[in-house]
Amino acid sequence: MQRLLIANRGEIAVRVIRACRELGISPVAVYSDADRDAPHVRLADAAVCLGPGPASESYLRSELVLEAARTLRADAVHPGYGFLSENAAFADACAAAGVTFVGPPGRVIRALGDKIGAKNTMQAAGVPCVPGYNGDNQDDDLLQAEAQKIGTPLLIKASAGGGGRGMRRVDTLTDFLPQLSEARREAKAAFGEDRVLLEKYVLKPRHIEFQIFGDTHGNVVHLFERECSIQRRHQKIIEESPSPGLTPALRAQMAAAAVLAGKAAGYVGAGTVEFLVSGDSFYFLEVNTRLQVEHPVTESITGTDLVAWQIAVARGEPLPLTQEQIPSRGHCIEARIYAEDPATGFLPSLGTLRRWREPSGPGIRVDSGYTEGMEIPPFYDPMLAKVIAYGPDRTAALARLDLALSEFVALGVTTNIEYLRAILANPAFISGELHTGFLPERFTGWKPNTEIPEEVLMALGALTPRSASPLPPSGSAKGEFYGWRTTDSWRNTKSA
């Protein structure tokens, strides 16, 4: 592998470019008109424009990506996450064109991307699954009969779905058929097919995922878990490892199930086996056949470079470490910074980054794909950056993350930074009492603090001419402190 094309944008494109530099591989990039001045374009050795800003006209056009690979003489493609990363047809097209796809082969992506097929595979292998119906018969009457067997609450899920699309919770059986119709309509529009599966709705579960890796030599290992229960609209915003809710015994059981799932699928490359956890029980949810946004959490606790592992596996090399050689040390937590307004239903915030300063310090890592002066385009996910904090334990990691968020400067757009800090300060979060309904339960109606911080008032006061400073109120006690209000210096002085 001499030249690698990164078929993505933003922070993951920058992340892959850095890995290429360390491995002596020439990184090349693609971009849309909206990303012409993006950091990944400047950092790459060469880049090709795919087309207009909308992803459907640029990053999702597999034929344009492959044409760019030919133009740039790339012998491999890294899809990142999102866009074409879980597109089996694209993986197959890369293989047909003689270009190495840095990810699982198309057959694996296809098999695991179908939730019905994936669940059937896991059940056959003995991986615990949520009770429900995942058959091929999609007749309305049969589905309604199965729903009655399952009972409420239940979940309707698009077989080809993801990100909460084509998903409906049903609390009353009389609502089943209307909800089924809506789920199918949404799934058809989003994924091109409307097959669904039914599952018992697990109340207040934890969302725990295990990082797995497989190679072409038949080896499959896990790199421990990530707690991903803090979600807004089915999208994760805070992830950490180790999970504060797993006992050593439960962790070992889930790790074994994750490896079993990988072997059952003939897995190759980086993947994530996702579970729902309720008490001491856990259930298979799905497999994401790509690198995850939250992969830095795993890299921090294991001391590994997962992108380098992906490239090694794509080259046909065995996994760099055996299961026994993979450590887990300390604690890591990641927060995703979005250009969105949590107080208005997480509406995206567009604009120009007038000021951008990333925090630093012991145990702090920031992955971002933006720089000061850049426009936030309306075409893509509004994530701006990820702040990753590592410490010897959870308490230290949380403290470092909160400090880093307090120091992050992103002006020109509304961000979720204050919202993230409010979550970190919540007593239930601090004690590790997490579940997927945590944010709706505790933060619905959240509003930012509109009071001007004291330090800002002090700074404004320091800029005020002394003649305009208010005098001490009449009758005030001698010796009362007025600080910067009564002096032109920063010394606290007594009033006359």
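Biologist: Hi! How many salt bridges does a search of the whole structure find?

Modeller: The search finds 37, a salt bridge being a side-chain nitrogen of Lys or Arg within 4 Å of a carboxyl oxygen of Asp or Glu. This is a predicted model, where local features need pLDDT of at least 70, side-chain atom pairs count only at pLDDT 80 or more, and totals for chains, interfaces and linings use all residues. Residues are numbered from 1 along each chain as its sequence is written, and side-chain values use heavy atoms, leaving out hydrogens and water.

Biologist: Okay, what does Lys-157 form a salt bridge with?

Modeller: Its partner is Glu-199, with the closest N and O atoms 3.3 Å apart. That pair links distant parts of the chain, 42 residues apart: Lys-157 is in strand E7 and Glu-199 in strand E9. Strands here are DSSP runs of at least two residues, numbered from the N terminus.

Biologist: Are Lys-157 and Glu-199 buried or exposed?

Modeller: Both are buried, meaning under 20% relative accessible area with a 1.4 Å probe, protein chains only.

Biologist: Switching topic, which side chain meets Arg-232 in a salt bridge?

Modeller: Glu-340 does, at 3.0 Å from N to O. Arg-232 sits in strand E11 and Glu-340 in strand E16, 108 residues apart.

Biologist: And why does Glu-340 count as buried?

Modeller: Because its relative accessibility is 1%. Arg-232 counts as buried too, at 6%.

Biologist: What about Lys-386, which side chain does that one meet?

Modeller: Lys-386 meets Asp-367 in a salt bridge, 4.0 Å from N to O.

Notes:
Helices (H or I, at least four residues) and strands (E, at least two) are DSSP runs, numbered from the N terminus. Buried means under 20% relative accessible area, exposed over 50%, partly exposed in between (1.4 Å probe, protein chains only).
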